[in-house]
Amino acid sequence: MKKYQCTVCGYVYDEEKGCPDQGIAPGTKWEDVPDDFVCPECGAAKDAFELMQ
């Protein structure tokens, strides 16, 4: 599974863990995360996230 990092604050979205606080179940792939997702730490939009290498 992949990880995506917020370029604003550094929060990491881990597909394996999801984001239960926002109703995103563990195992949810980034492309399946709703477009209106915002960073739980700073509120940045989904397009502010980049794939971690």
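Which residues form one aromatic cluster with Trp30? Select Tyr4, Tyr11, Tyr13, Trp30, Phe37 and Phe49 and you have it.

Before you zoom in, a word on what's loaded. This is a predicted model, where local features need pLDDT of at least 70 and side-chain atom pairs count only at pLDDT 80 or more, while totals for chains, interfaces and linings use all residues. Residues are numbered from 1 along each chain as its sequence is written, and side-chain values use heavy atoms, with hydrogens and water left out.

**Stop 1: Tyr4 and Trp30.** A search of the whole structure turns up 7 aromatic pairs (rings of Phe, Tyr and Trp, the last by its six-membered ring, with centres within 6.5 Å; planes under 30 degrees apart are stacked, over 60 edge-to-face, the rest tilted). Tyr4 and Trp30 make a stacked one, 5.0 Å centre to centre with 15 degrees between the planes. This pair links distant parts of the chain: Tyr4 is in strand β1 (residues 3–6), and Trp30, 26 residues away, is in the loop between β2 (12–14) and β3 (49–51). Strands here are DSSP runs (E, at least two residues), numbered from the N terminus.

**Stop 2: Lys46.** Now pick Lys46, also buried, at 13% relative accessibility. Lys46 lies over the face of Trp30, 5.1 Å from the ring centre (the rule: NZ of Lys or CZ of Arg within 6 Å of the centre and within 35 degrees of the ring normal). Turn to the backbone oxygen of Trp30: a polar atom of the Lys46 side chain is 3.0 Å from it. Beyond four places in sequence, Lys46 touches Trp30, Glu31, Val33, Pro34, Asp35 and Phe37 (contact means heavy atoms within 4.5 Å).

**Stop 3: Tyr13.** Show the neighbours of Tyr13, skipping residues up to four places away in sequence; among them are Tyr4, Trp30, Val33 and Phe49.

**Last stop: Glu41.** Is Glu41 buried or exposed? At 59% relative accessibility, Glu41 counts as exposed. Glu41 lies in the loop between β2 and β3 and, leaving aside neighbours within four places, is in contact with Cys9 and Tyr11.

Methods
Helices (H or I, at least four residues) and strands (E, at least two) are DSSP runs, numbered from the N terminus. Buried means under 20% relative accessible area, exposed over 50%, partly exposed in between (1.4 Å probe, protein chains only). A polar contact is a pair of N or O atoms within 3.5 Å; within protein, one must be able to donate a hydrogen and the other to accept it, and residues adjacent in sequence count only if both atoms are side-chain atoms.
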